[in-house]
Amino acid sequence: MESIFPAGFALLQPLGSRIMDWGWVRENLTEDILPALIGHVYLSGVSLAIALAVSLPTGVFVARHRKAYPPVMFLAGLLFTIPSLALFAILVTVPGIGIGPNAVIIALVAYSILVLVRNTVAGLDSVPPETIDAARGMGLTSRQILFKVELPLALPVIVAGVRIATVTVIGIATIGAYIAGGGLGQLIFDGIDRLFPTMIITGAVLATALAVAADVGLLLLERRLRPWARRAGGQG
């Protein structure tokens, strides 16, 4: 058995003796752990910001021009189906991108576009037509209707897409360490190379906690941006 699974048995030995070395955590908190966490937040935050800047206008455009919806969704879906390691491998060969955070950010943006565009369109479609007609009857321009009526009412569906994209981005960003993208994945890969469970668990737990915190934060932000929902909840 040992000849068949040498790496597995080697990993089980430190797991059995000591899973977490808290002394290492304290000693490397500022040197390794916090920089990895900050790098992960940077990768995820920049990727989501770019994806939102691309997806929201695109979603509004294809919601207004339905003939553009199928090709846009086909392209976004095609990008989403590419395995992450395969996409990283393709990007690092492109001149001007190479190995590092840039390739990771581009990949994360590509994986976010599908759900963000789809939920933007779904949110705008959920706005009752009579509400739009009433706003138009009050003399609002198309731009005013979009920003004062449609987008606020579509906010729950759009934020639901942002939450899904955020969790997806944070998870896939850990793999970016494979191409020197940094982040918490670096702790996980280094821990695997050294057969050191403390690094693996630290990176995995922090990545999970970051995803949960971001998801809860977006949910609270949505409620704050919808004061009528808070008033309705308080009356209930």
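Visitor: How do the axes of helix H3 and H6 cross, and what distance do they come within?

Guide: The axes of helix H3 (residues 29-64) and H6 come within 7 Å and cross at roughly 35°. Axes here are lines fitted to C-alpha atoms, for helices over the stretch in contact, and angles run from 0 to 180 degrees between N-to-C directions. This is a predicted model, in which local features need pLDDT of at least 70 and side-chain atom pairs count only at pLDDT 80 or more, while totals for chains, interfaces and linings use all residues. Residues are numbered from 1 along each chain as its sequence is written, and side-chain values use heavy atoms, with hydrogens and water left out.

Visitor: What is the handedness of the crossing of H3 and H6, and which classes of residue make up their contact?

Guide: H3 passes H6 in a right-handed crossing; that label applies if the near helix is turned clockwise from the far one by less than a right angle, and left-handed if anticlockwise. The contact of H3 with H6 has 22 nonpolar, 6 polar and no charged residues. In this scheme Ala, Val, Leu, Ile, Met, Phe, Trp, Tyr, Cys and Pro count as nonpolar, Asp, Glu, Lys and Arg as charged, and the others, Gly among them, as polar.

Visitor: What does the chain contain in helices and strands?

Guide: The chain has 11 helices and 0 strands. Both are DSSP runs numbered from the N terminus: helices are H or I of at least four residues, and strands are E of at least two.

Visitor: Why are H7 and H8 called roughly antiparallel?

Guide: Helix H7 (residues 129-137) and helix H8 (residues 142-173) pack at an angle of about 160°, with their axes 11 Å apart. Angles under 35 degrees count as roughly parallel, over 145 as roughly antiparallel, 65 to 115 as roughly perpendicular and the rest as oblique. H7 and H8 are therefore roughly antiparallel to each other.

Visitor: Which residues of H7 and H8 meet?

Guide: Thr131, Ile132, Ala135 and Arg136 in H7 meet Ile145, Val149, Glu150 and Leu153 in H8. By class, this contact has 5 nonpolar, 1 polar and 2 charged residues.

Visitor: What does Leu153 touch beyond the residues up to four places away in sequence?

Guide: Leu153 touches Val127 and Thr131, where contact means heavy atoms within 4.5 Å. The C-alpha atoms of Leu153 and Gly123 are 7.6 Å apart, although these two are 30 residues apart in sequence.

Visitor: What makes Leu153 partly exposed?

Guide: Buried means under 20% relative accessible area, exposed over 50%, and partly exposed in between, with a 1.4 Å probe and protein chains only. Leu153 has a relative accessible area of 39%, so Leu153 is partly exposed. Of the 236 residues in the chain, 39% are buried.

Visitor: Why is the pair of Phe80 and Tyr111 called edge-to-face?

Guide: The structure holds 3 aromatic pairs. The rings of Phe80 and Tyr111 have their centres 6.2 Å apart and their planes at 85°, so the pair is edge-to-face. Rings of Phe, Tyr and Trp (its six-membered ring) pair if their centres lie within 6.5 Å; planes under 30 degrees apart count as stacked, over 60 as edge-to-face and the rest as tilted. Because Phe80 lies in helix H4 (residues 69-81) and Tyr111 in helix H6 (residues 101-125), the pair ties together parts that are 31 residues apart in sequence.

Visitor: Are Phe80 and Tyr111 buried, exposed or partly exposed?

Guide: Phe80, at 39% relative accessibility, counts as partly exposed, whereas Tyr111, at 5%, counts as buried.

Visitor: What kind of aromatic pair do Tyr178 and Phe189 form?

Guide: Their pair is tilted, at 6.0 Å centre to centre and 50° between the planes. Tyr178 is in the loop between H8 and helix H9 (185-194), and Phe189 is in helix H9. With a relative accessible area of 58%, Tyr178 is exposed; Phe189, at 28%, is partly exposed.
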